[in-house]
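Thanks for making time this morning; I would like to walk you through one structure, going from its sheet to its core and then to its helices. Please keep the display in view while I talk.

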Amino acid sequence: MSVPRADESAAVSDTRLRVTHAPVNVAGIPWENVQALRRKGVEARLVVFNRGKLHPEADWSLERHGGLPRKLLTQFAALARLLPRTDVFHFYFGLTLVPPSLQFPILRATRRKCIFHYLGSDIRGKRPDELTDGKRADAEIVGSYAALRWVPEAHVVPPGLDLRPFTPHPPSDNPRPLVVHAPSNREKKGTPYVIEACEQLPVELDIVEGVNHEEARERYARADIVVDQLNAGWHGVFALEAMALGKPVLAKLDQQTVEESAQGYGIRVPIVPATKDDLVEALRPLVTEPALRREIGAKSRDYVEQVHDIDRVADRLLAIYSGL
C-alpha cells in the first residue's frame, strides 16, 4: 500500500519542501494549515491515527484498531512509509506517530526535522516536567500569547481560518437577540453560567453541540451574540469562526495576554471580556443596542482578517520551517 500523496496530480520537484502533519486534526487546525501550505507550493499532507467525528478531514487515516501491539505495528509501518517522503514532521497536541522514546532517535538518525505544535488544553496548567517531549523537537509552537507561560521559548502562531466560506452575517435588530454558545465541554466552557445569565435577559439561547461542522457554522451565522468560554482566559476556534461571520463575541480574557497580543499582532482583540460573575452585565449592552452588536461584529471580522487569515498563518509556518 502506498502513502496517499498530498496532491496526486502535482509534479513534485526535488526541491519542493515536504511536510507531514500528524497525528490528529484537533479543531480542524492541522487540516487548514495543510491546505494553505499546499497553495504556497509545499508538498503537505495530514496523517491521523483515526478520523475525528467533528473534523474527519485528512489525507490518510491509519484507522488504528485492536490492542496496543497491533496499533503500534500500524504506526511504525506508517512512519517507515512517510520517512522517505518527508523533510519536516509537524506534530500536534503533544503526540508523535510512534512513542517519543523511539520517534526522536529515528528522526535524528534519518536527519528529519520536527515541530511540536500545542493547541491549548494539551499544555494548559501542566508542569514543565510534563512537557519535556517538546524540548526534543527542533521547534515548538503555541497558538496564543496566553500559552507562552507554559512554553516560554515557543513561536506564537495563531490558529488560522480559511475565510472564504465565512461570509459575514451582521447581527440583526431583533429586540430579542439570539445568543449562540458551542461548548466542546460544558463544565470547561462555563455553560451553566451562560444558561443562567440568558435566563435573566430577553434573549433566545442556542447551544450548539454534537453536530457536524457545516451545520454548526450555519447556526453560528444566525447568531446576534456569541458566548465562547468563561474559564480559560483566552478564546478558542469557535470564537474565531463567529468573529469571521461578523459576530460580537464574549469570553473570559486574561488582561496581560490582551496587552501582549495587541503588541505582538498590532491590533487589539475586540472580544468583550466577561466572567461567570459579570456575564449578565457584559451581555446587557449588546442585548439592548443592536448598533453596538453590529459595530463590534465589524471589528471582529477585521481582526480575524488581519491576525487569523490562514494564508498569513502559512507564511509564519514557512518562516519557522526555513529556520530549522
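Let me begin with a definition: helices (H or I, at least four residues) and strands (E, at least two) are DSSP runs, numbered from the N terminus. The model is a predicted one, in which local features need pLDDT of at least 70 and side-chain atom pairs count only at pLDDT 80 or more, while totals for chains, interfaces and linings use all residues. Residues are numbered from 1 along each chain as its sequence is written, and side-chain values use heavy atoms, with hydrogens and water left out.

I turn to the sheet, where two strands are said to pair if DSSP finds at least two bridges between them. There are seven strands in an open sheet, ordered 3-2-1-4-5-6-7, and the pairing is parallel. At the edges sit strand 3 (60-61) and strand 7 (155-156), each of which pairs on one side only.

Is strand 4 buried or exposed? Taking buried as under 20% relative accessible area, exposed as over 50%, and partly exposed as in between (1.4 Å probe, protein chains only), five of its five residues are buried. Val 88, His 90 and Tyr 92 cover one side, with Phe 89 and Phe 91 on the other, and all of these are buried. In a regular strand, the side chains alternate between the two faces of the sheet.

Next comes the core, by which I mean a set of buried Ala, Val, Leu, Ile, Met, Phe, Trp, Tyr and Cys residues joined through side-chain atoms within 4.5 Å. The largest nonpolar core has 60 residues, of which Phe 89, Leu 97, Val 142 and Tyr 303 touch the most other members. Helix 7 (residues 237-244) gives the most to this core, with six residues. Apart from it lies another core, of 21 residues, including Trp 31, Ala 36, Ala 44 and Ile 141.

If contact means heavy atoms within 4.5 Å, then Leu 97, leaving aside its neighbours within four places in sequence, is in contact with residues including Ala 22, Pro 23, Phe 89 and Phe 91. By the same exclusion of neighbours within four places in sequence, Val 237 is in contact with Ala 27, Ile 29 and Pro 159. Val 237 is buried, because its relative accessible area is 19%.

The loop between strand 1 and helix 1 is where both Pro 23 and Ala 27 lie. The peptide bond from Ala 22 to Pro 23 is cis, with omega near -10 degrees, and Ala 27 has a positive phi of about 60 degrees although it is not a glycine. Ala 27 counts as partly exposed because its relative accessible area is 33%. Phe 93, found in the loop between strand 4 and helix 3 (100-109), also has a positive phi, of about 65 degrees, although it is not a glycine. For context, most residues other than glycine have a negative phi, and most peptide bonds are trans.

Finally, the helix packing, with axes taken as lines fitted to C-alpha atoms, for helices over the stretch in contact, and angles running from 0 to 180 degrees between N-to-C directions. Helix 9 (residues 279-288) and helix 10 (residues 290-307) pack at an angle of about 105 degrees, with their axes 5 Å apart. The contact is made by Pro 285, Leu 286, Val 287 and Thr 288 of helix 9 and Pro 290, Leu 292, Arg 293 and Ile 296 of helix 10. Helix 1 (residues 29-39) and helix 11 (residues 310-322) pack at about 80 degrees, with their axes 9 Å apart.
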